[in-house]
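Subject: Structure handover

Hi,

Here is the structure we talked about. My notes follow it.

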Amino acid sequence: MRISTLTFTTNAQNSMQALETALANTQQQLSTGKRIQSAADDPAGMARVNQYNVELSASKQYSTNGDAATTNLQLEEQALSDASNVLQSARDLVVQANNSSLTAAQRQDIATQLQQQLQDLVSIANRTDSTGKYLFAGYADGTKPFAMSGASTTYNGSSSVRQLQISSNQSVSQGDAGDAVFMNIPAGNGTFTTAAAATNTGGASIDAGSIVNAGAWTADTYTISFTSPTQYTVTNSSGTPVASGSYADGDTISFNGAQVSLSGNPAAGDQFTISPAGKASAFSTLANLVTTLNSTTLNTGQLTSAINSGLAQIDQAIGQFSTISASVGARLNSITTTQSAGTTQQTDLTASISKITDVDYAAAVTQLSTEQIALQATQASYATISKLSLFNYLS
Amino acid sequence: MGDVFSTSVSGLLAFQRALTVTSNNVANVSTPGYSVEQTNFSEAWAQPTASGFIGNGVTVSSITRAYSEALANQVRNSQSSYAGANTFATQAALVDNMLSASGTGISDSLQSFVNALQTVANSPSTTAERQTLLSQAQALVNQLKSYDSQLSQYQSDVETQIGDNVDQINSIASSIATLNSQIAAAQTGTGQTPNSLLDQRDTLIDQLSQYVGVSTATQSDGEMNVYIGSGQALVVGGTAQKLATTPDPYNATRENVGLVNSGGTVDITSQITGGTLGGLIAVRSQVLDQAQNAIGQISVGLTTLVNQQQESGMDLTGALGQDMFSVGGVTAAAASTNSGSASLTVTRANLSGLTTDDYKLQMTGGSWQLIDSTTGQSVAMTGNGTSASPFQADGLSIVVSGTASNGDSFQIRPTAAATSGLSLLLTSPSQIAAASPVQAAASSSNSGTATISSPTVTDPTDPQLQSTTSIQFTSATTYSINGAGSYSYTSGSAISANGWSVNITGTPAAGDTFTVKSNAGGTGDNSNMLAMISALSSSSLNGGTTSLTGAATNLVSQVGVLTQQAQATASTQQTVNQDAVTARNNLSGVNLDEEAANLVRYQQAYQACAQMIQAANTMFNSLITAVRGG
């Protein structure tokens, strides 16, 4: 085959150019550590890397969201625990006051201490986070949620609370609305409230009662009327008797699945009412107890009945705080779990990105030396061949 | 004796010529386009005598060049393909590199914007977080606009290069025409081929093939006609046609390529293939236009989704939210050739229907036809084009006014100008509408178990939107709104009034009340921000199949694929071209060893002829001496 002299040069040049381009490429991969310099190097890989980067960034943001939620939830947990402690102290005071041997003055001293506990509770309910936003105001986090005016407390916050996204498909409430925590606590024993009538003249008192058979209970206002100190009738709101019997001190009266205990001796005509429980606020429970303890007109039976009812309501409030506290704890757990899953996901994503974009050093170094050898061989062979010419032998 | 002299002299002359040809070959060993020449000898006419025909020496019948039309065509075709693919790859790589920049891609910026929304959602009443969001929004706008203007810059570079290419092609074509005339004259005058002129012309056609794909046809007088595109004659004999840049009928700033003839300039842009010119034309529509449209689609998506949610929300001051971004409108350009009075008003009707394609609306036989310019397919439209019933197709709403003549057309580019018009409208951090304007609450005295969801704003313009509205259950299965009406209740179904919608689930008791009222003071509400985040991550584009970040990722990989394909084609065509050049060189190139051998051969033959003259001289001297010395 005839080969033109130019072909030797051109071929050598083409080969050397191609090898130099390959060398430059491999060298760039080695120096940057990246296999993919732009999408053209691996469009599908680059698309995945972009997607992973977005997911990675989102995952880190979810983790930040989790931190923000955690900060507020921990503040809330602390507030709930403090509120429980206040109520526990208040309960101890009330138990202390539930002693017929105390004088009115001693009870008033206790009432003064109880008033202090009430103020502490309001102050806890009005706590703010580090940025000065109220913890228990719901959406209206710039509005002081609880305002005390005399014995009554009003809620000025919002009933809705902020949700934070802690993963692509999971949100947690960043707190609880003040009305759900402090205001809407079931009254009495949770099902009904008990009270001694203001007109009672006997010394009998009623406890908070309980439900023994929920199926038999019908919500209604019932009245226990003593026709004599030892005989009673229970009537419902329409005046229909539902139970009656004889009474001795300390007896339990049962009707329609409910059970109440009375102690002391009633006078004929004394009445006790059992009403379906509504909602009471923790503040009004304490405020009512303060009023009760300060009272000089109540007889022993009425006083003890009111204290019994108040204690039951304090227990309801403590129960409510503990339920919400448990829910906060569950949310904190869920955040921790999600964040830890997020960290794993971030590690996996980073590894996947690295797998796609990072250069395989062993392979690249091998390639570099192969290309180097090929280039050297091309250069050497060209240098040798270019010296060959028949003209060298003509003289 | 005389015969020996003349025969030997014919040899001397012939080998002298042959040596000249050889030296010319050696001298041109490195000349590009030079075809090795060969001396063709033939016997001189033999003289008849009684003793037979006696030869009269040698003549040089012709000097021909080693040349193959087929090999030359292979070189040119592969050269055009390589130049086209290489130009495409080079231009596309600019876009590819711009979009691939790691950590600063559109998808990264979109996610940073979403992260800033999340940060506001974490603490909606904090100004610092809101300020960060505004900065992030501005950064996103800046990035999209910078990509868009970079693409426009590349467009204008391509326009300039198209103009340069046209000038080069014209200059080469006119040189080829001149050479054609010279070749025809030389060939007619001498009957011999003017090798150097032919080499020059071949070199010029090779050069031309770098700029544009060519085909050739040789005429009997040696002239060569050159065609480009789908057979448009560029050079016919001694005449070169002129190419000219001509403004695009829909866009005067865009250069198309036209062939100038007596009737005017004919637009042949779509016919041009191969060469740098073909590559430039292809990359302009396939990469630059497409990328600009795709970025525009993202800008439109961002603006639509964010603004929609802003309008449904309430800002920190308690006012209803305002638009966060503004975006450029639809480009609808009438063809410069339109003769009717029709004009178009085109708006975007729905986000998910929009595509990244361009369209042509054409009046054909009394009716309007919409054609997707990218796919070439006809697109069905509903409506009749009036403002009461606009044409609807692919997310566009088109209103035609005036009267069109048959053949009038408009180019519609739905998102091309969107990004250049993108801007951030909000100036104060408090204008970010993180909260919902309404909130819902259950009455604390409710005894049922039903719960109410957060309200969703369905019509932010409803004047009663923030009025306090109560939903009262008159029984477990019926409710009234603000004491009026009696509607039947199904758990979980939506209840709508005053521009909002809520869901009540569970079992309500008679007398239970739910209230929807103004969220004034709800500075801690982030529900609208969460709705915005959810809208931005939803599949809202391309018929509900693609999210904004998905579209950004698709753009990167589409440009990547186009660049990769062009690079692969360029690489293949480069090899094909190198092989074709080698094949042609092996035929037409000079081989020095061959020339050295020829040199020795012709030198020896020349010396032999000279020796023959010496011999004849000796013979003649012997004869003279014999006669004189007798």
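Two strands count as paired if DSSP finds at least two bridges between them. Keep that in mind for the sheet below. Note also that this is a predicted model.

**Sheet in chain B**

There is an open sheet of three strands in chain B, in the order β14-β19-β18. The pairing is antiparallel. Its edge strands are β14 (343-348) and β18 (391-393) of chain B, and each of these pairs on one side only. On average, neighbouring strands of the sheet are turned by 25° against each other, direction ignored.

Now the pairings. β14(B) and β19(B) run antiparallel and are joined by six bridges. One residue pair to look up is B:Thr347, whose bridge partner in β19(B) is B:Ser397. On the other pairing, β18(B) meets strand β19 (residues 396-401) of chain B over three bridges, again in the antiparallel sense. Here B:Ala393 has B:Leu396 of β19(B) as its bridge partner.

β18(B) and β19(B) also form a hairpin, with two residues between them. B:Asp394 sits in the turn and has a positive phi of about 45°. As for cover, five of the six residues of β19(B) are buried, so the strand is mostly covered. Buried here means under 20% relative accessible area.

**Helix α6 of chain B**

Does the length of this helix agree or disagree with what 1.5 Å a residue predicts? It agrees. Helix α6 (residues 275-311) of chain B has 37 residues, which should span 54 Å at 1.5 Å a residue. Its end C-alpha atoms are 52 Å apart.

The helix has a bend, though. α6(B) bends by about 35° at B:Arg284. α6(B) is also mostly covered, with 30 of its 37 residues buried.

The size of an interface is often given as the accessible area lost when the parts come together. For chain A and chain B, the area buried between them is about 4200 Å². Carbon and sulfur atoms give 49% of that area. Which residues of chain A lose the most area to chain B? They are A:Arg2, A:Tyr139 and A:Phe391, together 17% of what that side buries. By contact, chain A contributes 48 residues and chain B contributes 57 residues.

Best wishes

Methods:
Residues numbered from 1 in each chain as written. Chains lettered and ligands numbered in written order. Predicted model: local features only at pLDDT ≥ 70, side-chain atom pairs only at ≥ 80, totals over all residues. Heavy atoms only, no water. Helix = DSSP H or I, 4+ residues; strand = E, 2+ residues; numbered from the N terminus. Expected span 1.5 Å × (residues − 1). Bend = angle between axes of the 7 residues up to and from the residue. Buried < 20%, exposed > 50% of the residue type's maximum accessible area, 1.4 Å probe, protein only. Axes fitted to C-alpha atoms, helices over the stretch in contact; angles between N-to-C directions. Contact = heavy atoms within 4.5 Å. Buried area = accessible area lost by both parts, 1.4 Å probe.
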